[in-house]
Amino acid sequence: MRSRRQLQIAILLLVAATLLSVPTAAQVAKSSSAATSAQASSTKKPKGAATRLSAIVASGRLEDLRWPNLSDYRLHLTNFYRPSGYELAWVRDGEPTPQAVELIKILQDADREGLRAEDYDASRWADRLTSLKETHNDADQARFDAALTVCAMRYLSDLHVGRINPQHLGFEFDVSHKKLDLPHFVRQRLVNGSDLRSELAGVGPPFAGYQRLRDALQHYMELAKSDDGEKLSNPILLPPGGQYEGTRRLTSLLRLVGDLPDSVTIPPDSKIYEPALADAVKRFQGRHGLRPTGELDSKTIAEMNVPLSDRLEQMRLGLERYRWLPYEFKQPPIAVNVPEFRLYGFKEGNQLGLTMNVNVGEEYDFQTPIFENNIQYIVFRPYWNPPPKILRNEIIPELKEDPSLEENGLELVSASGQVFRSGDVTPAMLQQVRSGKLTVRQPPGPENALGLVKFIFPNEHHVYIHDTPESVDMFSEKRKRAVSHGCIHAQEPDKLAAWLLRNTPGWDLERVEHAMHEGRDNVRVNLASPIPVLIVYETAVVEENGDIHFFHDIYGHDATLEEELAKGYPYPK
């Protein structure tokens, strides 16, 4: 009996010991949590660096930066850092990552993209890298990381959509729909990238003209380093064969910018304006919006005395404006470059298919607006309905002075459709014109203000492309080219119409010419698909053969943009 009793007691003691050795559920959970926390703390960056990063982002300022106000990027920075618990993105074990080093080199080369490298702290990165290696403290690491992320985001945005929102300057391009997801791009393609230059290759505008201008900028950056900037004296008018004291400088400048071939020899001590120099001057004049006469006149000398640094700025401003444009089109677009007085029509693949001269709005009261739209239809032999400003400031005063409808070549139309084609306009009728009860229009025909065809892209500016009156020569070399009331006069409107209607069955150049000269009045023809039209402003353009052309800043838009960019970040977005 005692033996059995002792055995039972032994068994009970063994079970109790086993139960006491098994941890409770709470103990298991606590132990697991502690292990997980220990593991996480071993993989995260020091808490101090994360705290400092979070504080920098929350403050919207980083005094280390060339432009310390980063409030316009605060949301992007929050969305970049918060998912990782504000871990350092560009620093590992106190050292910059390979991606950080590569990105810094890209930012230091930003001038080659037409941006300003100093906007991305180009000269400050060397000291930051040195400090990072020497101190390894949380504050330096956090400031380094935040600075690089801010500069990366600024660079990406500037390269893709420009530094300033064009609408802030009155240019009606909408960049909001094409902005990058900056936190995602920086995290996935830069922080975790393997070839950052390749990742960034497609960020800028996809246009061939942009790439040519970018390459020309880099070429002129090298030219500017070797030019002494000497000014040429201004002869009254120098034809070939005349004496000119500035021949040496003229020769060196023309050779530098590529207008005088290296194969042409000009004696270094020559004082003669030789025919070979005159030929080079013609090329220079043609590239600078001047008549290529070969004569050295004051306008030509003035263009030659423009510093190459100013030409570089023209190119930078041109690259900035390229970034404002839409990058994708449902149909190949038409583009009108206002300072160049030139229209371009593009085929599939952004290949040039059509080009011609145009006239644009005059510099002061009737500047052609800069915007994007879609050409929807063409009107052959159109009426001209003067827009409100012209009606108020020109037509009504003319009718008060000479009330004859026949003499003015105008008609009045009532709300019921009654047309008055002859007789004098009475004061009562003029009042009805002012109130809108009578409409003024010019009947179709060769002398119509719109000519024989107009191209309509409905807009609030009452601007469109059109022909010119038959008796008016608007395209002679001596005529000013900024003379319209804001509309765009095409030199070859028949070819433009045939181009726009090339996908509309039954329409070719012959039918277009018939519709213009022998067809019915006021015939509307809808395009098969709307054609995008871009009214742009580029004072530096590189042609397909590599020739770079510079044009006058006729509306002062270059000066305004340069002034706004000089203010620095944050720019209007």
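Here is a short chat about helices and one proline in a predicted model.

The model is predicted, so local features need pLDDT of at least 70, side-chain atom pairs count only at pLDDT 80 or more, and totals for chains, interfaces and linings use all residues. Residues are numbered from 1 along each chain as its sequence is written, and side-chain values use heavy atoms, with hydrogens and water left out.

Colleague: Are helix 6 and helix 7 roughly parallel or roughly antiparallel?

Modeller: Helices here are DSSP runs (H or I, at least four residues), numbered from the N terminus. The axes of helix 6 (residues 125–135) and helix 7 (residues 138–161), lines fitted to C-alpha atoms over the stretch in contact, come within 10 Å and cross at roughly 150°. Angles run from 0 to 180 degrees between N-to-C directions, and those over 145 count as roughly antiparallel. That crossing therefore makes the pair roughly antiparallel.

Colleague: Which residues of helix 7 does helix 6 meet?

Modeller: Contact means heavy atoms within 4.5 Å. From helix 6 come Trp125, Arg128, Leu129, Ser131, Leu132 and Thr135. Their partners in helix 7 are Asp140, Gln141, Phe144, Ala147, Leu148 and Cys151.

Colleague: Is Pro68 buried or exposed?

Modeller: Pro68 lies in the loop between helix 3 (47–59) and helix 4 (74–81). Its relative accessible area is 18%. Buried means under 20%, exposed over 50% and partly exposed in between, with a 1.4 Å probe and protein chains only. Pro68 is therefore buried.

Colleague: What does Pro68 contact?

Modeller: Neighbours within four places in sequence are left aside. The contacts of Pro68 are then Gly60, Arg61, Leu62 and Glu63.

Technical notes
Helices (H or I, at least four residues) and strands (E, at least two) are DSSP runs, numbered from the N terminus. Angles under 35 degrees count as roughly parallel, over 145 as roughly antiparallel, 65 to 115 as roughly perpendicular and the rest as oblique.
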